[in-house]
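User: Please go through this model with me before I plan anything around it, beginning with the strands and then turning to the pockets.

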Amino acid sequence: PTTGLDDATLANPKASPATTAQYIVTVTDANNCTDTDTVLVTIDPNPVVDAGPDVAICAGDSAQIGGSPTASGGTAPYTYSWAPTTGLDDATLANPKASPATTTQYIVTVTDANNCTGTDTVLVTVHPNPVADAGADQTIAPGGSVQIGGSPTASGGTPPYTYSWSPSTGLDDTTLANPTASPTTTTTYSV
């Protein structure tokens, strides 16, 4: 067949078949004598690549990326190359740990034993952390109470916010942005 050949009349045509194909070449000389030979062009399948689902992390956190498995099909063993490498613990692993400072799209290129390649991408979205403000230190008389927390107690990040004050001793509600504190001894509260 001539399918997949750039020019069937050349001595050395370029073969680019879509599937494995056997080509027969017939050579004819000036005396009209002929000979034939065959060559088999095998198409190795590319590896199937899965960079894993898109993930979201908070600033300063990390997530493992890559599929389960990251590579299949083709011919093992596989090599992995993630780009960009910024924020990755090892760009040559199938499932590296990603800790980017900003939202980053990573692309993984997998090369199999036959030098066939495949690629896929994963998006790691980085959400900013909220800023907590427990407010200024307060002094109260024995038996007194005071509202604590900043103004506002939370900013940045992505509202709405949830609050968790500790210790709970002496607080009217540990889940409020600005609870009322009535401690019986000097207490340091954290939010």
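User: Which residue in β9 stands opposite serine 81?

Analyst: This is a predicted model, in which local features need pLDDT of at least 70 and side-chain atom pairs count only at pLDDT 80 or more, while totals for chains, interfaces and linings use all residues. Residues are numbered from 1 along each chain as its sequence is written, and side-chain values use heavy atoms, without hydrogens or water. β7 and β9 (residues 104-111) pair in the antiparallel sense over five bridges, where strands are DSSP runs (E, at least two residues) numbered from the N terminus and pairing takes at least two DSSP bridges. Within β9, the residue opposite serine 81 is threonine 109.

User: Which strands are at the edges of the open sheet of four strands?

Analyst: The open sheet has mixed pairing and runs in the order β4-β10-β9-β7. An edge strand here pairs on one side only, and this holds for β4 (55-58) and β7 (79-83).

User: Which element gives the largest share of the lining of the second largest pocket?

Analyst: A pocket is an open set of points on a 1 Å grid over the protein atoms alone, where a 1.4 Å probe fits, with protein on both sides within 12 Å along at least five of seven lines, and lining residues have an atom within 4 Å of a point. The second largest pocket holds about 340 Å³ of space, and among its 16 lining residues Leu5, Pro13, Tyr23, Ile24 and Val25 are the closest to its centre. Two or more lining residues come from each of β1 (21-28) and β2 (34-41). The largest share, four residues, is from β1.

Methods: Points joined across faces, edges and corners; volume = space filled by probe spheres on them.
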